[in-house]
Amino acid sequence: MIVFAPRETDPRETRAPLTPDTAKKLVELGFTVRVESGTGARCDHPDPQYREAGAEVVNDRAAASGEADFVLRVRRPEEGEIAGLKRGAVHISFLDPFNEPATLAAMAAAGVTAVSLEMIPRTTLAQKMDALSSQANIAGYTAVTYAADRLNKILPMMMTPAGTISPAKFFVIGIGVAGLQAIATAKRLGARVTAFDVRPEALEQAESLGAKALRIDLGGDTGGTDQGYAKELTPEQLEKQRQAQAKVCADSDVVITTAKVFGRKSPVLVKADAVAGMKAGSLIVDLAAESGGNVEGTVLDEEVVTEGGACIVGLSNFEGRAATHSSQVYSANLGNFLEHFWDKEGGAFKLDLEDEILKGCVLTHGGEIVHERFKGGG
Ligand code: NAD
């Protein structure tokens, strides 16, 4: 069985889907492992490291794609490449399935079994394969270090003979995996942190990390789904939230927004008036920029300085700012996925579509879209 990891083609992408460590693990499991030359170049893994791990480094991407039984990527493939995959191959990557129905249709037409990492169930058993979490964790960290670097202030309180420097104030909106890591990182650097989430248990988690929880009575049910995701708020609830948050934004040096609603565009939580109320030199890092943005005025992959001198950071791929570590854990997620379903004795992949994990994340198989949520175009 051949596993192939092509080099990521998106110029913004620094991560590799396969690291030498995971390549070694797959070789030991009995796979033939191939990587395209340059796959790890942007995350500190030059080609020789893959050869040392027992993988083949190839230059002919199209030929290797056509021969592989498993193709590992970070981002979804370009449509032109899908037809070149082997019928029956298993393709594992983020697929952005709610926004990219054409990719799913092409995967089905090519007879490929497409695994969407976004759809891996949030269960204890699947935690080791949960790439959304492994990447969000790194993004939460790098959002804070980026802001710390950009701010014209230091983060901790300092009492000096020349006077006292007050700690920087951070406001984290959305306390999921990324938000919790952002809180922990900002606290470690000495900032004062306030945080808000619609899920009450998330507020308690923020408090346990030393943040101040902003409590807003939104009325109605604001709990999570059985997968731990937030439910969508009503327009009235969103308006209440925005008003309560605006005061905290005005008082903050850095606002980090991470709020997402699974399968939907991210809610706009910081409107233009709240941005206008922020101090000169303050920053808003919108980690939801790729899924529409939590901030009015966010421009994907750009930084926008407002008239008042605040800056909205809409850069994507914050996880890719620590590409060595985000690749390490991403690749480990994929390796764990393959290992979990690999029958070592029989040398075969156990593709049981009734399995709880596969049922959640296999979107196309045998020439069709098989996932209930995406049949008929999503
Ligand atoms: P996410 O990326 O979907 O969303 C980020 C955060 O935004 C969430 O905490 C969500 O509640 C919040 N949010 C949504 N709408 C909001 C609004 N209007 N205002 C403020 N915040 C809003 O979520 P995530 O980080 O992927 O994780 C969500 C939950 O799932 C977490 O509790 C996490 O611990 C849990 N989880 C469980 C497992 C597991 O059991 N295996 C694995 C991963 C995550």
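How far does a polar side-chain atom of arginine 199 lie from an oxygen atom of the ligand? I looked this up in a predicted model, and the distance between the side-chain atom of arginine 199 and the ligand oxygen is 2.8 Å.

Entry 1: I next turned to the backbone. A polar backbone atom of valine 177 is 2.7 Å from an oxygen atom of the ligand. For lysine 260, I found a backbone N or O atom 3.4 Å from an oxygen atom of the ligand. The ligand on its own has 830 Å² of accessible area, of which the protein covers 86%.

**Entry 2: the shell.** I listed 24 residues around the ligand, and those that come nearest are Arg122, Val177, Asp197, Arg199 and Gln241. Sorted by class, the shell holds ten nonpolar, nine polar and five charged residues.

**Entry 3: helix H11.** I checked the length of this helix, which runs over residues 323–340. Its 18 residues should span 26 Å at 1.5 Å a residue, and I noted that the end C-alpha atoms are 25 Å apart, so the two values agree. I then recorded the buried residues of H11, among them Ala323, Tyr330, Leu334, Asn336 and Phe337.

Definitions and conventions
Residues numbered from 1 in each chain as written. Predicted model: local features only at pLDDT ≥ 70, side-chain atom pairs only at ≥ 80, totals over all residues. Heavy atoms only, no water. Near = heavy atom within 4 Å. Polar contact = N/O pair within 3.5 Å; in protein donor to acceptor, adjacent residues only side chain to side chain. Areas by Shrake-Rupley, 256 points an atom, 1.4 Å probe, with all protein chains shown as cover. Nonpolar A, V, L, I, M, F, W, Y, C, P; charged D, E, K, R; others polar. Helix = DSSP H or I, 4+ residues; strand = E, 2+ residues; numbered from the N terminus. Expected span 1.5 Å × (residues − 1). Buried < 20%, exposed > 50% of the residue type's maximum accessible area, 1.4 Å probe, protein only.
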